[in-house]
Amino acid sequence: MNITANVLRNLNAYIFFCLATALAQSQTIGAPGTRVAEPFPLSDVHLLDSVFKQNMERNARYLLSLEPDRLLHNTRQYCGLQPKGDIYGGWEKRVFAGQTLGHYLTAISQQYAATGDARFRQRIDYIVQEMAVCQERYGDGYIGAMPPLALAALRGLKAGKVGLNGAGVPWYTEHKVLAGLKDAWVLGGNAQAKTVALKLADWVDALTAGLTPNQQQEMLVKEFGGMNEVLVELYQLTGNTKYLDVSRRFYHQAVMDPLAAGKDELPGKHANSQIPKVIGEAVRYEATGDENGRKIAENFWNLVTAHYLFAMGGLSDKERFFPEDQASEHLSFQTAETCVSYNMLKLTEHLFEWKPMVAYGDYYEKALYNHILASQEPQHGMFTYFIPLKPGSFRTYSTPEDSFWCCVDTGMENHTKYGEAIYFHDDSNLYVNLFIPSVLTWKERKFTLRQETGYPDGDRTELIIQSASLKPLTLQVRCSSWANGPLTFELNNESLAVDAKPGQFAKIKRVWHPGDRVKIVIPMGLRTEALQGASNKVAIFYGPLLLAGDLGAVPHSTNYPWSREHNANIGATTADVPVFVKESPTSLLGNLRRIPGPRLVFQTTNLAKPKEVVLRPFKDLAYEYYNVYWDVIPEAEWAKQLEARARLVDEFNPGEHQSEMEHGLVADHSRVGDFKNSKWRDAMDGGFFQFRMKVLPGTPQDLCCTYWGGDTNRDFDILINGKLLAIQRLSGEKPGKFLDIDYPIATGLIAGMDHITIRFKPHDGSIAGGIFHATVLRGAP
Ligand SMILES: [Zn+2]
C-alpha cells in the first residue's frame, strides 16, 4: 500500500500511529500534549472563488514560472556536477543559497496537497530525484546548496568548532532544506524524499552528537530557523526517538528559559529568529507532553499579541522587537517583516488546536487579512519583505528572478495554504474559525459543508450542509471579539436562538441533514485601535479590516514597485499625511462615512486637516502611498500647527535623497544615519555639508534646526553664503529628546536674495550636527 497516499488522506492518524509506536519504544517520553481541535488536511478544504483563491492561483502561476533546474543550480554546482540551468539572482547568489529550494519544495507540496494538480507532483519528484543524486555525491548524508566554505565551517562542528565562522546562518538554511524534503514526503507523497530527509537528519545527528551542552548553546547563537521543529516532526513521523534527541540539541536556553518562566526579554531581539524556536518547542509539547514547550509557546504568544503588534497584525522594526512604549519611534520603512507573520500564524494554529479560543482566531484573521493579503502584489504575485508603517509610505515588492529574499520564500508558502485554518474538529465538534468561501469534505464523518460568503465586504456568511450522517454534530462558530453585538443565526430561514456574544464560540448541536442552511450575520462597524504606548495615534478598522488613508499613486521608478533589494526604497519621499482634528480619539468615528457601493470605501468629513482623506482596506493599497496611524490633535494644537505652516518658507530633510537633491546638497567627509526613525547628516574631519534654501527678500526670518538633545562635544559654525550666522556648541542639554534651535537671520545678510546657501562646518577635531531637520520660517509675529 502506498503509505504516502494514506498520509495524504489522514496525516493526523498517521502521526498518532507513529507516536504510539514511539511510546512503546521508549519510557522516557511522556504522553503527547493534548490536541483538542484537529486541523483538516489541505486536501479536504477546497477554496471557492474569493481573493484567497485568486491569490493562490496567482501564486501557483509564479511557482510554475520558476525552473527547477535553475533552483537546483547551486545544489549541483557545489557537489561538482554541471548545473542544468543558470543561477537565479538576489539571495540565491549569497550565503543563504538553498533556503529557496527548501521553501519551494514545501510550497509546491502544499499546493499539490490542496489541489491535486499533477504539475506540482512532477516538480516534487524531479527535484527530490536530483537532490538524491547530489546527496549521493556528497557521500556523508549532507544535501543542500551551501557554498563550500560555509559547508566546511558547518562540518567543523564535528571538531567542536561552534563559531560557524564564515558560514552565515547555515542551520537556518538547512532547516528549510530538511523541512522541504519532509513536506515533499508527507504532503507531496514522494517516498524518495523520506530517504533523503532521514539521511540528512542523520547527518545533523552526526555533526552535533559530540558537542557538549555548552558548545550546543554557543552554536545556537546564530539563527537556526526551526531545526528543533522539523526534527521533532521527524520523530513524530518515524517513531525514532533519535530525532527527538537531536532536536534537544537545538533548544536555545538563553531565549527559551525566560519565556518558559513568563519573562519578557524580547526587546532588541531579532524577531524572526525566535518564533521558529518557539514553534519547535510547541511541537515538542505535542509530541511528548513536555510542559515546558507549552509554557514557552503560550507565554510568547501572550506577550507578543499584548505588547508588540501593529494594527495590521505584523510586528518588528528593522526585524527586531522594541519596547512597546517606544512604538511611535518605530513607524518606519522597515516595519513588519512578512516572515514574522508567516511564523506567528503557524504558532497560532498550534495554540488553537490545544485550546480553541476566539483570541487565537481573531489574531489569525487580523494578520491574515491585513498582513498576508497585503503582502502579495496583485499583478504578478510578487512579495513584500517589510510592510512600511512610516506615515505616507508605500510597499516595495520583489522581482520574479532577482530577489529571493527570505520573505519571498515564506511568501511562496503563504498563498498555498489558505485552507488550513478555516475549519478544525474533534469527534463531535466542527469549528468554523474563518469566513472564507470553501467546501469542507470531512471524510470520516461523511460530512460536507459549503461556506458561501462575501465577508468581510459583506457582513454575513452561509453554511450549507451538503452531506451528513445521522450522528449529532455541534457547529462552533467564532464570534469575533470586535463584533458590534451578538451574531444572529437562522436555520433554514427561521431565526435560531444561539448564545453568540462576541468573544466566544456559538454552538449549534443537532443531527444535520443535507440541504440544511445556517445563515449568520456578523455585526460589523468602525472602531479605533491605538498604537502601543501612544493613545493619540490611532488606526481605524471596519470589522476585521484595517483601513488606511489612500494618499495617491506612487510614481514608477527603477526600484518601484519591484526591486531586487528589499531595502531599495528606504528613505524615499513619503506623501504628506493629514492629521485628525478632534478633542479625543474616541469621538472621531462619527466623522467617517461610508461611500455607497459594493466596495468598502470611507471618507472623513470635517475631521482631517488640511484636507479630508479617503480610507480603503489596507490590503488593497498595493501601489499607493498610504497612512495607517493618525495623529489625533485638539483644535488648539491644530491652530498652532497652522501658524507654523503659515510661517514656513522652506523645509530641508537631511539624508533624504529627494530633499537633498532638490536643495542642491554638497558634502565632504559627511555621514548620514537613521536614529529614532529620523535621518540625520553630519560632517567631520575638516569636512562640511551645505544646502540651498528659499528665503523671502526683505522679511525677518529664522533658520530652525533640529538636533539630538543628547549629542555632546560638538562645535561648529553655521554660515550663510560664506558669512557666519552662528557658532553652535551641542553639549547634551536635552538628553533623550530632540532639540530645536532657532537662528534669526538678519535681513542684511540676505538682502535681494531668494535663495541662500547654508553651510555646516565643524571646528577642528569636532563634528558639525547631526542635523535632523531644517526650516526657514518667517519671523514669529
Ligand atoms: Zn523575511
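What share of the contacts in the protein with a separation of 6 or more comes from residues 24 or more positions apart?

**Figure 1. Overall view of the predicted model.** Residues 24 or more positions apart account for 72% of the contacts with a separation of 6 or more, where contact means heavy atoms within 4.5 Å. This is a predicted model, in which local features need pLDDT of at least 70 and side-chain atom pairs count only at pLDDT 80 or more, while totals for chains, interfaces and linings use all residues. Residues are numbered from 1 along each chain as its sequence is written, and side-chain values use heavy atoms, with hydrogens and water left out. The protein has 21 helices and 32 strands, which are DSSP runs numbered from the N terminus (helices H or I, at least four residues; strands E, at least two). Buried residues, meaning those under 20% relative accessible area with a 1.4 Å probe and protein chains only, make up 59% of the 781 residues.

**Figure 2. Close-up of helices H12 and H15.** The axes of H12 (residues 227-238) and H15 (residues 271-288) come within 7 Å and cross at roughly 20°, the axes being lines fitted to C-alpha atoms over the stretch in contact, with angles running from 0 to 180 degrees between N-to-C directions. H12 is therefore roughly parallel to H15, a description kept for angles under 35 degrees, whereas those over 145 count as roughly antiparallel, 65 to 115 as roughly perpendicular and the rest as oblique. Residues of H12 in the contact include Val232 and Tyr235, and those of H15 include Ile279 and Val283. By class, this contact has six nonpolar, three polar and six charged residues, where Ala, Val, Leu, Ile, Met, Phe, Trp, Tyr, Cys and Pro count as nonpolar, Asp, Glu, Lys and Arg as charged, and the others, Gly among them, as polar.

**Figure 3. Close-up of helices H3 and H6.** The axes of H3 (residues 51-65) and H6 (residues 99-115) come within 11 Å and cross at roughly 130°, so the two helices are oblique to each other. Met56, Ala60 and Leu63 of H3 meet residues of H6 that include Tyr104, Ala107 and Ile108.

**Figure 4. Close-up of Leu389.** Leu389 lies in the loop between helix H18 (358-372) and helix H19 (406-414), and it counts as buried because its relative accessibility is 3%. Leaving aside residues up to four places away in sequence, Leu389 touches, among others, Phe310, Met312, Phe618 and Tyr629.

Technical notes:
Buried < 20%, exposed > 50% of the residue type's maximum accessible area, 1.4 Å probe, protein only.
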